[in-house]
Amino acid sequence: MVKFQMDKITGGSRGVQKGFTFIEIVIILLVMGIMATMALPSLQSGLETSKLSAAAGEIAAALEYAQLAAMTTGQQVRVTVDTGADSLLVERFTITGNIMAGAAQLPQADIETGGFTNMAHPTRRGEDYRIVFADEDRLNGVDIAAAVFGGGGSITFDPVGTPSDGGTVTLSLGGGTATVTVDSLTGRVTTSG
C-alpha cells in the first residue's frame, strides 16, 4: 500500500535507465583527449630513443661482424661510415694481382695488389652489407653526426682482428644522442646513450 502511494506521488513507477547521457560522453572524451595530449611527448621521446638504440646497434653489429670476418677469412675488412649519406658499408680486401708469378721473392707491392670490394650482408641473402638509414623505417631520421676513426670515417680490421685505429660514431635524433666506440687496442665495440 505504501508503494502504491509513492508511485502516485512521483508520477508512476521508477524505471532504471541504462547507458550514458550525451554530456557524460563528451566529458569522457574530453578527459581522454587531455590524457592523450599529455602522453604524446613521452611516446615520441620513446620512439626517438628506440630509433637511436637501433641505429647504434646496427653500427655496432657491422663493426663486430667486420672484426669477426677479418679473423675468420684472414683478409682485411673495412667499415666505412658516411656522415653525409647517413650510411655504412662493409668491404673486404681482395687480392687482384698475380702473387704466384714464379719469382723466388716477390716485391711487397705485388703481394698487396688489390682493393676493397663489397661484402655480402650476413642475413640478407644476395645483398651487399650496406645500410642506408633513410631506406630503413626503423632508422629513418637518425643522423650520423660524426664518424672519427683515426683521421677519417673508416676503420680496417686486420686478419687477427686488430683495428687500424680506435674511434667513435656519434648519432643524433631530436634532442638525444648515442655513441658507438671502438677500442684502439682490442677492437672492442661499446655503445652508450
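A residue is called buried here when its relative accessible area is under 20%, exposed when that area is over 50%, and partly exposed in between. In this predicted model, H121 comes out at 10% relative accessibility, so it counts as buried. Where does H121 sit? Its place is in the loop between β3 (114-118) and β4 (130-132). Leaving aside residues up to four places away in sequence, H121 touches E127, D128 and Y129.

R124 turns up again when it comes to charge. Side chains of opposite charge can pair when their charged atoms come close. How many salt bridges does a search of the whole structure find? The search turns up three. In one of them, the side chain of R124 meets that of E136, with N and O 3.0 Å apart. R124 belongs to the loop between β3 and β4, while E136 belongs to the loop between β4 and β5, so this pair ties together parts 12 residues apart in sequence. R124 is partly exposed, since its relative accessibility is 24%, whereas E136, at 16%, counts as buried.

Another salt bridge joins R138 and E58, whose side chains meet at 2.2 Å, N to O. Here R138 lies in the loop between β4 and β5 and E58 in helix α2 (residues 22-73), so the pair ties together parts that are 80 residues apart in sequence. The accessibility of R138 is 39%, which means partly exposed; E58, at 16%, is buried.

R78 and E91 form a salt bridge as well, at 2.8 Å from N to O. This pair links distant parts of the chain, with R78 in strand β1 (residues 77-82) and E91 in strand β2 (residues 87-95), 13 residues apart. R78 has a relative accessible area of 22% and is therefore partly exposed, while E91, with 9%, is buried.

Conventions
Residues numbered from 1 in each chain as written. Predicted model: local features only at pLDDT ≥ 70, side-chain atom pairs only at ≥ 80, totals over all residues. Heavy atoms only, no water. Helix = DSSP H or I, 4+ residues; strand = E, 2+ residues; numbered from the N terminus. Buried < 20%, exposed > 50% of the residue type's maximum accessible area, 1.4 Å probe, protein only. Contact = heavy atoms within 4.5 Å. Salt bridge = Lys/Arg side-chain N within 4 Å of Asp/Glu carboxyl O.
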